[in-house]
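Visitor: I would like to go through this model by question and answer. Please show it first.

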Number of protein chains: 2
Amino acid sequence: MKTEPKSPSDLSAQIAKAIRDAIVDGRMIVDERLPSEAELAAEFNVSRPTVREALKRLAAQSLIRTQRGAFGGAFVKRLSYEEAYGQHITTSTLLLSMNAVRFETACEARYALERACAPLAAQRRSPDHLATMRAEIHRQGQPGLSDESFCASDVTFHRALVDGAANPVLSYQLAGAVEAMQPLMNMITFTERSREEIVSLHTAIADAIEAQDAKAADVNLEELAAYTLTLGQDAMEKRARKST
Amino acid sequence: MKTEPKSPSDLSAQIAKAIRDAIVDGRMIVDERLPSEAELAAEFNVSRPTVREALKRLAAQSLIRTQRGAFGGAFVKRLSYEEAYGQHITTSTLLLSMNAVRFETACEARYALERACAPLAAQRRSPDHLATMRAEIHRQGQPGLSDESFCASDVTFHRALVDGAANPVLSYQLAGAVEAMQPLMNMITFTERSREEIVSLHTAIADAIEAQDAKAADVNLEELAAYTLTLGQDAMEKRARKST
DNA sequence: GCGCGGAAAATGTCAGACAATTAAATGTAT
DNA sequence: ATACATTTAATTGTCTGACATTTTCCGCGC
């Protein structure tokens with residue numbers, strides 16, 4: 001775990017990288033204890049605050065956890081699905097919002113990926129997932145629901161669909177695509193007419209999944225994708241007109 | 001940008017969260033300058049090292065960049081696709097390696113997602129992507145290629161396929177799925193026979209993409225998925241036997 | 001008008017200290 | 001002997017103050 005003083009400054013980044021590499025390529029295993037801050041400081045020939053900055057960087061990526069007290073210290077942390085989800089969603093959302101990604105691009109990606117899950121979901125869906133989907137469909141039909149709540153419910157519905165595939169890796173990858181769309185979807189005003197259309201498509205999808213009919217699920221997802229796209233384009237157009 | 005001293009200790013995490021929230025929900029925009037470390041220290045009523053730890057956390061997530069010198073400081077950073085890719089890949093790889101994800105699960109997820117890209121790639125593939133795919137196929141046929149290089153070439157081939165869909169959001173989401181599989185694939189010993197099979201399937205896929213035949217691409221990807229799965233299962237079985 | 005140098009502002013780093021926390025070791029009483 | 005309380009040591013969390021380094025800006029001299 002040695003560093004060359006090759007590049008100038010930003011020692012804490014170099015130290016963080018050295019430790020990260022040790023973790024990523026398996027030289028340190030889960031729950032293994034890192035040397036204490038004082039020891040690391042001596043090892044890398046820097047001061048303790050510098051070491052601490054490096055450790056905080058790693059903590060921010062959920063690579064380590066720290067524990068105070070005697071025989072405490074920093075430990076290699078097992079990355080949980082929940083934390084990975086969270087990081088992935090944050091990154092995806094920021095990526096979309098900061099790079100002015102077009103609604104069409106994000107929408108296309110999201111539905112393409114969801115359609116990949118549909119056959120598996122049709123095959124493996126549990127009563128739980130179906131129940132969640134039905135519950136969200138019901139909520140989406142309630143009058144007086146705010147656009148934001150409608151969107152949130154839409155996300156929950158689609159996540160239930162994805163989770164139906166019973167593949168945690170798939171769920172993790174999809175989380176980014178589905179959740180990151182929410183800010184874009186929130187720009188849309190959902191009229192009563194459009195909500196009816198969406199609810200009807202959601203119902204068709206849920207029916208298909210329940211009947212384990214992958215083909216029908218795919219067709220309806222495709223239609224939902226197309227419909228969402230037009231809604232989004234309308235919304236974007238309205239925004240553009242208003243701002244000029 | 002105020003914090004409640006609600007929870008005890010880990011001030012730097014609280015401060016990081018406060019600033020992160022300000023960035024994520026748009027109260028600070030790209031390239032906006034944060035207050036100086038001294039000002040933040042005064043604002044949050046903590047010392048400068050504590051503020052610095054918080055800032056390093058944010059830097060680790062590529063949320064800010066810092067610049068030394070007069071009128072330097074910390075600035076909200078535009079998250080680039082490259083950095084997002086990198087973070088996503090790191091997280092995905094760790095998630096798989098630390099949670100002992102089964103080969104079948106990761107493989108299924110990867111190919112399901114790739115098959116979602118194939119129709120778009122068939123539609124939009126550029127000469128560049130086709131050239132990359134052909135070049136990697138050629139490399140894969142070279143005798144004396146190490147298993148690791150074969151795997152790396154496989155990843156490059158598949159990324160070219162995904163990039164062919166010309167949707168950066170899709171490429172970003174897929175990067176995690178494709179790259180994170182590499183450590184698992186590296187456990188496989190690719191016999192001459194299996195390499196031939198894979199090269200032949202890759203060729204069929206490239207041909208289909210070139211001919212813009214989405215259906216053929218899908219069929220061959222499905223077959224490749226099934227074949228990879230059996231290879232992986234064999235490898236896992238061998239490892240299991242050897243360790244007992 | 002142009003270059004040059006210093007002042008100023010900011011981050012990067014260090015040293016040393018103290019507080020807070022925790023687990024193990026030790027001691028004490030039943 | 002065992003259970004419980006106490007001490008102790010190790011370690012992270014935080015603060016203070018200082019100095020080094022880097023970069024920009026502004027004024028000065030030419």
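Visitor: Which element gives the most to the surface near DNA strand D?
Guide: This is a predicted model. Elements of both chains give two or more residues to that surface: α2, α3 and β2 of chain A, with α1 and α3 of chain B. With 3 residues, the element that gives the most is α3(B).

Visitor: How do the residues near DNA strand D divide by class?
Guide: There are 27 residues around DNA strand D. Those that come nearest are B:L11, B:S47, B:T50, B:G69 and B:A70. By class, the surface has 11 nonpolar, 10 polar and 6 charged residues.

Visitor: Which element gives the most to the side of chain A that touches chain B?
Guide: The contact takes 40 residues from chain A and 40 residues from chain B. On the chain A side, α1, α3, α4, α5 and α8 each supply at least two residues. That side has 23 nonpolar, 10 polar and 7 charged residues. With 10 residues, the element that gives the most is α5(A).

Visitor: Are α5(A) and α8(A) roughly parallel or roughly antiparallel?
Guide: Their axes lie 9 Å apart, and the helices pack at an angle of about 155 degrees. Angles over 145 degrees count as roughly antiparallel. α5(A) and α8(A) are therefore roughly antiparallel.

Visitor: Which residues of α8(A) meet α5(A)?
Guide: The crossing of these two helices is left-handed. Their contact divides into 7 nonpolar, no polar and 2 charged residues. From α5(A) come A:A109, A:R110, A:L113, A:E114 and A:C117; from α8(A) come A:L170, A:L174, A:A177 and A:V178.

Visitor: Are α4(B) and α8(B) roughly parallel or roughly antiparallel?
Guide: The axes of α4(B), residues 81-98, and α8(B), residues 168-180, come within 8 Å. They cross at roughly 30 degrees. Angles under 35 degrees count as roughly parallel. The two helices are therefore roughly parallel.

Visitor: Which residues of α8(B) meet α4(B)?
Guide: The crossing of α4(B) and α8(B) is right-handed. By class, the contact has 9 nonpolar, 4 polar and 1 charged residues. α4(B) brings B:Y81, B:A84, B:Y85, B:H88, B:I89, B:S92, B:T93 and B:L96. On the α8(B) side are B:P168, B:Y172, B:A175, B:G176, B:E179 and B:A180.

Visitor: Is A:N45 buried or exposed?
Guide: A:N45 sits in the loop between α2 and α3 of chain A. Its phi is near 65 degrees, a positive value in a residue other than glycine. Most residues other than glycine have a negative phi. With 10 other C-beta atoms within 10 Å, A:N45 is exposed.

Visitor: What is the phi of A:A166?
Guide: A:A166 is found in the loop between α7 and α8 of chain A. With 15 other C-beta atoms within 10 Å, A:A166 is partly exposed. The residue is not a glycine, yet its phi is positive, at about 55 degrees.

Notes. Residues are numbered from 1 along each chain as its sequence is written. Chains are lettered from A and ligands numbered from 1 in the order in which they are written. This is a predicted model: local features need pLDDT of at least 70, side-chain atom pairs count only at pLDDT 80 or more; totals for chains, interfaces and linings use all residues. Axes are lines fitted to C-alpha atoms, for helices over the stretch in contact, and angles run from 0 to 180 degrees between N-to-C directions. Helices (H or I, at least four residues) and strands (E, at least two) are DSSP runs, numbered from the N terminus. Angles under 35 degrees count as roughly parallel, over 145 as roughly antiparallel, 65 to 115 as roughly perpendicular and the rest as oblique. A crossing is left-handed if the near helix is turned anticlockwise from the far one by less than a right angle, and right-handed if clockwise. Two residues are in contact if their C-beta atoms, placed from the backbone, lie within 7 Å. Ala, Val, Leu, Ile, Met, Phe, Trp, Tyr, Cys and Pro count as nonpolar, Asp, Glu, Lys and Arg as charged, and the others, Gly among them, as polar. A residue is near a molecule or strand if its C-beta atom, placed from the backbone, lies within 6 Å of it. A residue is buried if 20 or more other C-beta atoms lie within 10 Å of its own, exposed if 12 or fewer, and partly exposed in between; C-beta atoms are placed from the backbone.
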